[in-house]
Amino acid sequence: MASSLTGKVQTVQGPIDPSDVGVTITHEHLIIDFVCVFQEQPGASNQLKRDEPVSLENLWWVRHFWTSSIDNLQMFDADIAAEEAGEFYKAGGSTIVDVTSIGIGRDPQALLRISRASGLNVVMGGGHYVYLTHGENIHDATVEELAESIISDVQEGVDGTDIKTGIIGEIGNSWPWEETEKKTLEAAVMAQRATGAPLLIHPGRDPKSPIQLLEAVDRWGGDLSHTVMGHIERTIFDYGVLDEVAATGAFMNWDLWGMESTYYPMRADTYMASDQHRIEQIEYMIANGNANQVLLAHDICAKHRLKKWGGHGWDHIIARVVPRIRARGTYQADIDTMLIDNPTRMLTFTEPLG
């Protein structure tokens, strides 16, 4: 049965028509407390830098050890976020999907302020992040209880406000898959079925993780065509695996544009893809007829990636990536598919499955 949200997109300022979505980046963090990923670096000098505010003097260190600076991992200033997001608006952007989920500082009131100040549609995320943020309330709750909480955030509002979740995610998962993460993803699927909301997933750092998670969503009765698999470029390097994920029908998010470091502090045995790598992967998707599954974003979750601290900012895809891929031969129609049509389709609520 259709709900009042069926055929609409839910923003922090209320439902909008899909025609009003426009150019969209589909995985961002306007406000976030990301200290759950903090990693201590050995040595006295590193410990001193750990507690310093991000500045021009230490930016070289922060860029290399971005998860080892506490200040870098805390983005709390709504005014700065609105100013930075305004760069995306001025470049032609319309909608930012903020997938800061429970456990990493979701702040509905701040997102509402940012939306009003910047002129952007802001879609707020829901559900739970990785096991590192799971307290006893997650361990003790049933799947049904967790699902009811997510449903309430979508239908009634978050934290006693009338500001509502418009996407379930990012739902955090690890490799190997933790038990509480299995519970929170199953709860998210139950909430998707009950509300018709889109679902966005953070996979573990292994190329087998995306398929493992999508198979679980399918097994629990979720809508794969309304599900987003995130972090494709830092998880999958084999084009055969890309084909396997594409065959599920899920949306696929290339969501770390602008992050060019070859060193990846979260995993010493791997590396972070470059924008060139991302371009080549999405060109492969387009050539194979899968452009209608591609989503694009930056996943800005630390200060060093904002312009105020020497980063690329939220206009990077529009201002620098789009001209680059157009110059390489990508048609404007495919660019519009990835930045307008796909996000609009993904964000539009479907009829609940029950």
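A residue counts as buried when its relative accessible area is under 20%, as exposed when that area is over 50%, and as partly exposed in between, using a 1.4 Å probe and protein chains only. With that in hand, look at His231: its relative accessible area is 3%, so His231 is buried.

A quick word on what you're looking at. This is a predicted model, where local features need pLDDT of at least 70, side-chain atom pairs count only at pLDDT 80 or more, and totals for chains, interfaces and linings use all residues. Residues are numbered from 1 along each chain as its sequence is written, and side-chain values use heavy atoms, with hydrogens and water left out.

Back to His231, which sits in the loop between β10 (227–229) and α9. The labels come from DSSP runs numbered from the N terminus: helices are H or I with at least four residues, and strands are E with at least two. His231 has another feature to spot: its phi is near 55°, a positive value in a residue other than glycine. Asp159 is also not a glycine, and has a positive phi of about 55°. You'll find Asp159 in the loop between α6 (143–155) and β8. Is Asp159 buried or exposed? At 59% relative accessibility, Asp159 counts as exposed.

Next, find helix α11. The expected span of a helix is 1.5 Å times one less than its number of residues. For the 13 residues of α11 that gives 18 Å, and the end C-alpha atoms are 18 Å apart, which agrees. Which residues of α11 are buried? They are Asp275, His277, Arg278, Ile279, Gln281, Ile282, Met285 and Ile286. The elements that cover them include α9 (232–235), α10 (239–246), β11 (251–254), β12, α12 and α13.

His277 lies in α11 and counts as buried at 15% relative accessibility. Not counting residues up to four places away in sequence, His277 touches Glu233, Ile236 and Phe237; contact here means heavy atoms within 4.5 Å. Leaving aside neighbours within four places in sequence, Tyr284 is in contact with Tyr239, Leu242 and Asp243. Tyr284 and Tyr239 are 45 residues apart along the chain, and their C-alpha atoms are separated by 8.4 Å. Just after α11, Gly289 takes a positive phi of about 80°.

Now move along to helix α12, residues 316–327. This helix has 12 residues and reaches 16 Å from its first C-alpha to its last, close to the 16 Å expected. The buried residues of α12 are His316, Ile317, Ile318, Val321, Val322 and Ile325. Seen down the axis of α12, those buried residues fall within an arc of 145° (taken from the directions from the helix axis to the C-beta atoms), so they line one face of the helix. They pack against β3 (24–28), α3 (78–90), α11 (275–287), β12 (294–296) and α13 (332–347). Just after α12 comes Gly329, with a positive phi of about 115°.

Contacts can also link stretches that are separated in sequence. Thr133 is found in the loop between β7 (121–126) and α5 (136–140). Aside from neighbours within four places in sequence, Thr133 is in contact with Cys36, Ile102, Gly103 and Ile104. Thr133 and Gly103 are 30 residues apart along the chain, while their C-alpha atoms are separated by 5.2 Å.

There are cis peptide bonds to find as well. One joins Gly169 and Glu170, with omega about 10°, and Glu170 is found in strand β8 (residues 167–172). Another joins Trp175 and Pro176, with omega about -5°; Pro176 lies in the loop between β8 and α7 (179–195).

A cavity is a set of points, on a 1 Å grid over the protein atoms alone, where a 1.4 Å probe fits but cannot get out, and its lining residues have an atom within 4 Å of a point. How many cavities of 30 Å³ or more does the structure hold? It holds two. The second largest cavity has a volume of about 30 Å³, and its lining is Gln192, Arg193, Gly196, Asp223, Thr350, Glu351, Pro352 and Leu353.

Terms used
On a 1 Å grid over the protein atoms alone, a cavity is a set of points where a 1.4 Å probe fits but cannot get out, and a pocket is an open set with protein on both sides within 12 Å along at least five of seven lines; lining residues have an atom within 4 Å of a point. Grid points are joined across faces, edges and corners, and a volume is the space filled by probe spheres set on the points.
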